[in-house]
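Subject: The structure to look at

Hi,

Here is the structure I said I'd pass on. Have a look at it first, then read my notes below.

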Amino acid sequence: MRFIADLHIHSRYSRATSHDLTFPNLYKWALYKGINIIGSGDFTHPQWVEEMEEYLEPAPEQGLYALKEKFCLEAQEGIPHDLIIPVRFLLSVEISSIYKKNGRTRKVHNIVFAPNLEIAKKIAYRLSQIGNIKSDGRPILGLDSHHLLEILLQISPEIYLIPAHIWTPWFSLFGANSGFDHIEECFEDLTPYIFALETGLSSDPPMNWMCSQLDRFTLVSNSDAHSPSKLGREANLFSCEFSYPDLFDALKKGDPERFLGTLEFYPDEGKYHLDGHSKCKLRLTPEQSMEHKGRCPMCGGKITLGVLHRISELADRKAGEKPSRIFPFRNLIGLETILGEVLGVKATSKKVETEYFAMLKQFGSELEIISNASLADLEKKGSVILAEAVKRTREGKLQIEGGYDGEFGTIQIFQPGEREKFLPQETFFGFEGTEKKINPKKRAKVEKEKTQSSSPLEKSLWDTLNQEQRDAIESQDKKILVIAGPGTGKTMTLTCRLAHLVLQNKIAAKNILAITFTNKASEEMRSRIQQWLGDMSSEMTICTFHKLGLQIIKENAALVGLPEDFVIYTKEDVCGLLGESKNKKEMLEKISLAKNALVDPGTLQEEGIQEFYAIYQKVLKDNKGILLEDLVYMPVRILQANPKIQQQYQERFLSIAVDEYQDIAYAQHSLLKLLITENTFFFAIGDPDQAIYSFRGANLQYFLDFGKDFPSARQICLSENYRSIKNIVEASCSLVAHNKKRIPNEIKSQKKGKNLQIFEAANDRAEAQFIVHTIQELMGGLTMLSSGKESTLEAPYSFHNFAILYRTSQQNKTLQEVFAESSIPYQCSGTGSFWKEEKIQNWKSLFQLFLLPESGPPLYRLLQGMPGIGEKSIMAWKERKGLHLLENIPFLSSSGKESLELLVKTMQQFPPSIPLEKWIAALSQQIPWPCLQIEKEDFNHLCQASSFFHDLGEFLSYISLHETTEEFEPRAEKVSMLTLHAAKGLEFPVVFIIGCEENILPYTRFGWDEEKEEEERRLFYVGMTRAKDMLYLLHSKKRLLFGKEETNLPTRYFQEIPNSLKSFAKHKLSKPKKRTEGEQLSFF
């Protein structure tokens, strides 16, 4: 029988492995790949053995195990029948031996195979007497490889040992750093019991043929998979009896009739192929490293010698020479890598995943596609570019940058711009292949930047961290609270902590959950972590509480009575369908508050609320929807009511980190408590002095009570401010020290600079004019403002270096007028989210109808904008309890019928398709209603946003999660105007805070108590600490606000800042005088 075997894999109990490594998942991926026999991995680990006994049973074939029938049937659901093949497990484990021999420390990995579970248990028992086999699926033992083999042979002669990845520099038989020069040095008199060697990813048979001492061994290749999807990246081909004894007999005898050879990684792609120094991003050939005497020419550090170098040291044949006995082999690239090249995206992208499974359905298993599938069939049923990519892969016509020092090599099938030659028409994947052209100079610059980018947690980065930050990053405490004052490197510490957990603690990225409060913060965090973890970072869950909640609801929709395609509505969406109650908005708000407090709104005792809530629930159920506040409320209810599901999430998220912990609310705190166990690594970071969101339900007390929630928690303070000058730090600390409800943190700065500048203006217009004048002065004369004078400053400021902060958005009206007159570019927060704009909401409703044609809220919204449909038609529709699309047509006027018929026809003829941006563009041509016509810039924004999604439902979820977020870009080349709340998390070289007056800052118009006073002080503290170099605090004698002129005293907070830290600025509106050379002309 011909079959494929991958004999070296791991379980999820090995370090740095995927949580998805379960027997049902391994079975499924074996079917996807076309593999008949896979190693079990880790049979010495007690918990993995328990799972073996639960999921596996002895197969009819001797020495092999099969997945039990009920698990097989579950795993086969949704898998094409053509992919179903016999899949068996063969008991295996990798042992790491670290010991001293012949005066050197040796580190060797060996794969051990057992003929049955009884013998496997004997091996585990014997090794448990030598070392700890429970902490890692790949046990690390202080046991000589010779002694290991001796123990195994004493237990049973049917146990076999194959040295693993024999050339890897650090842990292998021939490794440059801790291996041997000859196999007899390692195994001594037991060497005859070694009959096969695993060559590893960084070498292939021709490289091994250069060493004649290997001629007598059968060379095998395995995936060493740490996740199910990596199965089969290397594998072995057999034609023998499907059994443990015959498989190993074929290897022992090296019978070419029964052992048919190997499927190989391209060795250049292996992460130890070439020499190099990853910290300096330096890749070298053996000749180059010898020229530099094994030292990095950039830093002087020791170069890691790669497999190619090590083989050349031991070689006694020239490259290309062959021994008398060789086995066939074929170098291949994984299908996901090929599809990534074909589609022009990363191999780990959602688009590749979708097309991967489509390919399996069309052509068969992955190994069949990349090894044997007819190129003509691939071209005919797939695409020209797909066939060409597979052809080049088989022929080795690739561009490969070799891997080095732990960095995988990179493979390129197509040269830049070459894809376009193969994409003249629509491809198999449903889109026109267009590759963005990049200027060659720009491309060269990008490539240069790539080669110079930092490696994971490199020494140069580590050296920039202070001891407090290192303590927070390296701490092994399970529960940690970090008090991170402004500018103390909070984001850097958090992201380094997450990378450290993966790289050092060996927690799989998939088992890490990081929660932020904004989508932008999530994106920034992912971007930073990607610098250190690369594609591995995509496995990490980095999201907001709302997005986490959405994920939990989607995975458990049936438990809360929701279909899989449920929709997230806004209150405005459903309001029109909730009857004619005058106080329905008030009722909706009460329901929202109840859910945020985790109170069942149906239990509220206020008059009319229960009846209203029943209608509310029915409207949502009938329209398959939820509201935004449900995104935390429902997950809490799901986990509270289902302990098994709660346990699944607890096991999935072994490490949880929360940014801005001072801002969590009751429901969010409750969700965290349900996810965190005694063994969870929980890392909370924030600053209680920046708690400013109580109006959203945030409760500072959760931060202050962290020690009560987690009694064994460690508390770490970050106190070195790298952002602001010393005077700003001392002034802001002096201010916030007047609060009682806080955790003292002595923030300090080493940067010197000027005092805070306090300016008194005659009115709010003079206040704005002072800011314009100061910006021009600090920029050293603006050529765009016709100054004609070059800057005399050493580091001239740019527009984006300035921010103007205020307590309420009402204060920016005069500012905008004055700035418009001055021609200084600016951007302003407080204008609302792009996604909340009326016509964008109309587009959202249209999208919702395509997914749920029977849904009432989106149809109700569109009816209000359809040509030919008036109030009477809408009222009639509501009276008929919201009939569906086609049912409404008979009741409409002729023009109304025409509009609705157009909608129905369009929905039938133009179902959602990928790419979404092209589909949306087509819709705009089909439905030319005024309610959908938006500015070209906005329409482009809509289309561009959709281009990141491969599913309309995903795009709708994105819109719903971003409707409450203002799209403010701090990097834009404009002066920023922001509320103090919106400025949180940002920093600017120069900051102006306007309206520093009683009744405004602090804002005392709606009641006053000690808690409000402390929060207002914290808000002022947040504003002050946004400034890096200069801080201006402005107040006016008179101010036009809320339609009337006010006269207020300077804020009380001025008195809480030491006089030694503040100066008083003046603004002279004198006539221009004749300048001497080099003097700046006054702007006014």
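Let's begin with the surface. The chain exposes about 48,000 Å², and carbon and sulfur atoms supply 50% of that area. Keep in mind that this is a predicted model. Of the 1084 residues in the chain, 55% are buried. If you take the contacts between residues at least 6 apart in sequence, 75% of them join residues at least 24 apart.

Now for a sheet. Six strands make up an open sheet with parallel pairing, in the order β21-β20-β24-β25-β19-β26. Its edge strands are β21 (541-544) and β26 (714-718), each of which pairs on one side only. From one strand to the next, the twist averages 15°.

Within that sheet, have a look at β19 (residues 479-484) and β25 (residues 681-686), which pair in the parallel sense over five bridges. One detail to find on screen: I483 has G686 in β25 as its bridge partner. Over at β21, four bridges join this strand to β20, and the two run parallel. Here T516 stands opposite T544 in β21.

Which way do the residues of β21 point? T541 and C543 point one way, while I542 and T544 point the other way, and all are buried.

Helix α18 (residues 467-474) lies across β19, β25 and β26, and runs at about 145° to β26. Helix α19 (residues 490-503) lies across β19, β20 (512-516), β24 (655-658), β25 and β26, running at about 170° to β25.

Next, the aromatic rings. A pair of aromatic rings is described by the distance of the centres and the angle of the planes. There are 43 aromatic pairs in the structure. In one of them, W29 and Y32, the ring centres are 5.0 Å apart and the planes stand at 90°, so this pair is edge-to-face. Because W29 and Y32 are three residues apart in helix α1 (residues 23-33), about one helical turn separates them. Both W29 and Y32 are buried. Further along, W843, F847, F850, W919, F939, F949, F955 and Y958 form one aromatic cluster.

Some rings have a lysine over the face. K478 lies over the face of F681, 5.1 Å from the ring centre. K673 does this with F710, at 4.8 Å from the ring centre.

Is helix α34 (residues 856-863) enclosed or open? Seven of its eight residues are buried, so α34 is largely enclosed by the rest of the structure. The buried ones are G856, P857, P858, L859, Y860, L862 and L863.

The other spot is T603, in the loop between α23 (584-596) and α24 (609-622).

Happy exploring!

Conventions
Residues numbered from 1 in each chain as written. Predicted model: local features only at pLDDT ≥ 70, side-chain atom pairs only at ≥ 80, totals over all residues. Heavy atoms only, no water. Phe/Tyr/Trp six-rings, centres within 6.5 Å; stacked < 30°, edge-to-face > 60°. Buried < 20%, exposed > 50% of the residue type's maximum accessible area, 1.4 Å probe, protein only. Lys NZ or Arg CZ within 6 Å of the ring centre and 35° of its normal. Pairing = 2+ DSSP bridges. Axes fitted to C-alpha atoms, helices over the stretch in contact; angles between N-to-C directions. Contact = heavy atoms within 4.5 Å. Areas by Shrake-Rupley, 256 points an atom, 1.4 Å probe, with all protein chains shown as cover.
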